[in-house]
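Student: Could we go through the charged pairs and the nonpolar surface of this protein together, one question at a time?

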Amino acid sequence: MPEPLEPFEPLESYGEEGRAIASTGAGGAADLGTQEAETLEKTPGGPEGTGPDKKPRSLWSDAWHDLRRNPIFIISALVILFLVIISIWPQLIASGDPLDCDLSKAQEGSQPGHPFGFNGQGCDVYTRTVYGARTSVTVGVLATLGVAVLGGILGGLAGFFGGTWDGILSRLTDVFFAIPVVLGGLVLLSVVTSTTVWPVIGFMVLLGWPQLSRIARGSVITAKQNDYVQAARALGASNSRMMLRHITPNAVAPVIVVATIALGTYISLEATLSYLGVGLKPPTVSWGIDISSASPYIRNAPHMLLWPAGALAITVLAFIMLGDAVRDALDPKLR
C-alpha cells in the first residue's frame with residue numbers, strides 16, 4: 001500500500017529562517033519575510049486613504065486638498081481677506097474721514113500724509129478708496145447671498161418636483177433673462193431716492209436669481225437620478241429628508257462655484273450703476289461714485305480716477321480668480 005501523503009498547507013508555511021511561503025494565487029509561491037506577511041494580513045494593499053484605518057476623502061476634502069496647493073486660490077484668498085478686513089475696520093490703514101474735504105486742495109496730487117492726492121471736492125482720495133471697499137464688498141456679498149438663497153431654493157424645488165412647477169419657473173426665468181441688466185437698473189432705480197445700499201441689493205437679487213435657479217435646477221435633476229437617492233426613496237424616505245440629506249449636499253457645488261464668480265460681477269455692476277447715477281448716491285462712499293465724479297477731470301487730474309478704478313479692478317479680479325479656482329477643485333471632470 002502507498003504511504004499516506006503529508007498534509008499540504010496551500011496558504012503559507014514558515015521555514016527555518018523565519019521566512020513565509022505565501023501562495024500567489026496562480027500555482028506559485030512568493031518568499032516573504034514574517035513581518036511582511038503579517039503586514040499583508042493586517043493591512044490590505046491599496047492606495048493611500050483606502051486602508052481599513054483611513055476613511056476615503058469626500059468631494060469637499062479633495063477640493064480643499066487641491067485648493068491649498070493652488071497658487072491662484074492662495075493669492076486671491078489673501079487679497080479678499082485683506083479687503084474684508086479693511087471693509088470691517090477701515091481705520092486700521094486710513095485714519096482720516098472720507099467726508100472731510102478742503103476745497104483749497106481740490107485736484108491736487110500726492111502730498112505727505114495724502115499719497116493718492118485729492119479729488120474735485122478736496123477729499124482725500126486714499127481715505128475714500130479705503131472706505132469705498134466697505135460699500136462694494138457689502139453690496140457684492142449680500143447680493144450674492146440673496147441670489148444664491150432665492151435662486152437655489154426655487155431652482156432646487158423645480159428640479160426635484162418637476163411638472164407644472166418646473167414649467168412655470170422655466171417660463172418665469174425666460175422673462176427675467178429678456179430684461180437687460182443695465183437698462184433694468186436705469187428704469188427701476190431711477191425712481192428710488194434712498195441713499196442706502198438696499199435698493200441696489202434688491203435690484204441685483206431680483207434680476208440675478210434666474211441664473212442661479214437654472215444651475216440649481218439642473219444640478220438637482222442630475223443628483224436625484226443617482227442610485228442612493230432611489231434607494232432612499234424605496235426605503236420610504238420623505239421628500240424633505242431626501243432633499244436635505246441626499247440631494248442638496250451633492251448638488252450645491254455648482255451653485256457655490258457660480259455664486260463665487262458672480263460676486264465679482266455684482267461688485268462691478270454696483271459701480272456701473274453708481275457711475276450712471278442710479279445706483280448708490282452721495283454721501284455714500286463708493287468706488288463707482290468716485291469714478292463718476294473723476295471722469296470729467298481725467299486729463300488734468302488722472303489720479304482721481306486711477307486709484308478707485310484700480311481698487312475696483314483688483315477686487316473684481318480677485319473674486320473671479322477665486323471662483324475659477326473653486327470651480328477647478330469641485331469639478332471632478334477636471335481632475
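Student: Is Arg217 buried, partly exposed or exposed?

Tutor: In this predicted model, the relative accessibility of Arg217 is 26%. Because buried means under 20% and exposed means over 50%, Arg217 counts as partly exposed.

Student: With which residue does Arg217 form a salt bridge?

Tutor: As a general point, side chains of opposite charge can pair when their charged atoms come close. For Arg217, the closest N and O atoms of the salt bridge are 2.6 Å apart, and the partner is Asp166. This pair links distant parts of the chain, since Arg217 lies in helix 7 (residues 198-223) and its partner in helix 5 (residues 163-177), 51 residues apart. The partner has a relative accessibility of 13% and therefore counts as buried, and the residue asked for is Asp166.

Student: Why are Asp174 and Arg171 separated by about one helical turn?

Tutor: These two residues form a salt bridge, with the closest N and O atoms 3.1 Å apart. Asp174, with a relative accessible area of 33%, is partly exposed, whereas Arg171, at 51% relative accessibility, counts as exposed. The separation is about one helical turn because, within helix 5, Asp174 and Arg171 are three residues apart.

Student: Which residue forms a salt bridge with Asp324?

Tutor: The closest N and O atoms of that salt bridge are 3.8 Å apart, and the partner of Asp324 is Arg327. Both residues belong to helix 12 (residues 303-330), where, being three residues apart, they are separated by about one helical turn.

Student: How many salt bridges does the structure hold?

Tutor: Those discussed above include the pair of Arg217 with Asp166 and the pair of Asp324 with Arg327. For the structure, the number of salt bridges is six.

Student: What is the area of the nonpolar surface patch that includes Ile93?

Tutor: Ile93 is found in the loop between helix 3 (71-88) and helix 4 (125-161), and at 35% relative accessibility it counts as partly exposed. A patch residue needs over 30% relative accessible area. Together with other residues, among them Ile74, Phe82 and Trp89, Ile93 makes a nonpolar surface patch of about 910 Å².

How values were computed. Residues numbered from 1 in each chain as written. Predicted model: local features only at pLDDT ≥ 70, side-chain atom pairs only at ≥ 80, totals over all residues. Heavy atoms only, no water. Salt bridge = Lys/Arg side-chain N within 4 Å of Asp/Glu carboxyl O. Helix = DSSP H or I, 4+ residues; strand = E, 2+ residues; numbered from the N terminus. Buried < 20%, exposed > 50% of the residue type's maximum accessible area, 1.4 Å probe, protein only. Patch = residues over 30% accessible without salt bridge, like charges linked within 9 Å, V, L, I, M, F, W, Y side chains within 5 Å. Areas by Shrake-Rupley, 256 points an atom, 1.4 Å probe, with all protein chains shown as cover.
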